[in-house]
Amino acid sequence: MNKNPLSAQEIIKKISTLIADKIEEDNIKGACNRIPFILKYYLHRYYHIDIDIHFGLIEHNNIYAPHNWNSYEGQKIDITIHNQLIKDLNSDCVILNEIYIQKSGNVVYYSHDDLPKDYLDLIAQAIDEERWLKSISNRTVEDEHNLQKLTEMLDDDSRMIALEKRKMREIKSIKTFIKNYYKDDWNNILQYLKTKKI
């Protein structure tokens, strides 16, 4: 139980704004693969507040990218969306359904278990094209480039499935994930938050 005089929503908002500011100030791109997990674990560990984590896709003008975000009691928390690797997918940083950092983009969110047909069709096509390109013994430079793009797309899709299978909504799994892959990021966020008054 949270013993802080602030409400759970006030704590979530404060921590989320601080991390969003750090992402903006340090121009950290593509942090959705770790920050939503770190935010969930931090709030659980230090404040006994449980927020949800979601993994799926964001889409804008038929450009898709895998993405992770959080929510609390149905209110969206997305503190990495404003600084994506693909600039066209930058959108408003949202904390508890309120815009915190405004960007001009407007993305659509898709949960991993409710992906759009267009994306599923692209994946099916990518599987066939990858198989065909791999069968060519003397690939051109363009073939190699296309094969790499297809493989990256399929790897991104398989990451969503892997997150679900690895039970990456559970604190124990998230703790292990951070420890094994993002210990430096965890320590940096921890040190940064210690310098702020919460």
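## Basis

Residues are numbered from 1 along each chain as its sequence is written, and side-chain values use heavy atoms, with hydrogens and water left out. In this predicted model, local features need pLDDT of at least 70 and side-chain atom pairs count only at pLDDT 80 or more, while totals for chains, interfaces and linings use all residues.

## Overall fold

The protein chain has 6 helices and 6 strands. Helices (H or I, at least four residues) and strands (E, at least two) are DSSP runs, numbered from the N terminus. Their order along the sequence is α-α-β-β-β-β-β-β-α-α-α-α. The C-alpha trace spans about 65 × 35 × 30 Å along its principal axes.

Of the 198 residues in the protein chain, 45% are buried. Buried means under 20% relative accessible area, exposed over 50%, and partly exposed in between (1.4 Å probe, protein chains only). A contact means heavy atoms within 4.5 Å. Among contacts with a separation of 6 or more, 60% join residues 24 or more positions apart.

## Helix α1

Helix α1 covers residues 8-25. Its 18 residues should span 26 Å at 1.5 Å a residue, and the end C-alpha atoms are 26 Å apart, which agrees. The expected span is 1.5 Å times one less than the number of residues.

Buried residues in α1 include I11, I12, I15, I19 and I23. S16, T17 and K22 are also buried. The cover over the buried residues of α1 includes α2 (35-47), β2, β3 (75-78), β4 (93-95), β5 (98-101) and α6 (183-194). Just after α1, N27 takes a positive phi of about 50°.

## Nonpolar cores

A nonpolar core is a set of buried Ala, Val, Leu, Ile, Met, Phe, Trp, Tyr and Cys residues joined through side-chain atoms within 4.5 Å. The largest one holds 40 residues. I15, I19, L43, I49 and I79 touch the most other members. Two or more residues come from each of α1, α2, β1, β4, α5 and α6. Another core lies apart from it, with 12 residues, among them Y64, Y119, I123 and L154.

I79 touches S16, I19, A20, I23, I35, L39, C93 and I95, leaving out residues up to four places away in sequence.

## Largest pocket

Elements giving two or more residues to the lining are β1 (52-60), β2 (63-72), α3 (117-135), α4 (141-165) and α5 (171-181). Helix α4 gives the most, with 9 residues. The lining has 19 nonpolar, 7 polar and 6 charged residues.

Ala, Val, Leu, Ile, Met, Phe, Trp, Tyr, Cys and Pro count as nonpolar, Asp, Glu, Lys and Arg as charged, and the others, Gly among them, as polar.

The 25 residues of α4 should span 36 Å at 1.5 Å a residue; the end C-alpha atoms are 36 Å apart, which agrees. D143, L147, L150, L154, D157, M160 and L163 are buried in α4. Their cover includes α2, β1, β2 and α3. Just after α4, K167 takes a positive phi of about 55°.

D113, in the loop between β6 (108-111) and α3, is 47 residues from M160 in sequence and 9.3 Å away, C-alpha to C-alpha. D113 counts as exposed, at 61% relative accessibility. D128 lies in helix α3 and is partly exposed at 48%. Its C-alpha atom is 9.8 Å from that of L150, 22 residues apart along the chain.

## Positive phi in loops

Most residues other than glycine have a negative phi. N61, in the loop between β1 and β2, has a positive phi of about 50°. N61 is exposed, with a relative accessible area of 61%. L96, in the loop between β4 and β5, has a positive phi of about 55°. L96 is buried, at 9%.
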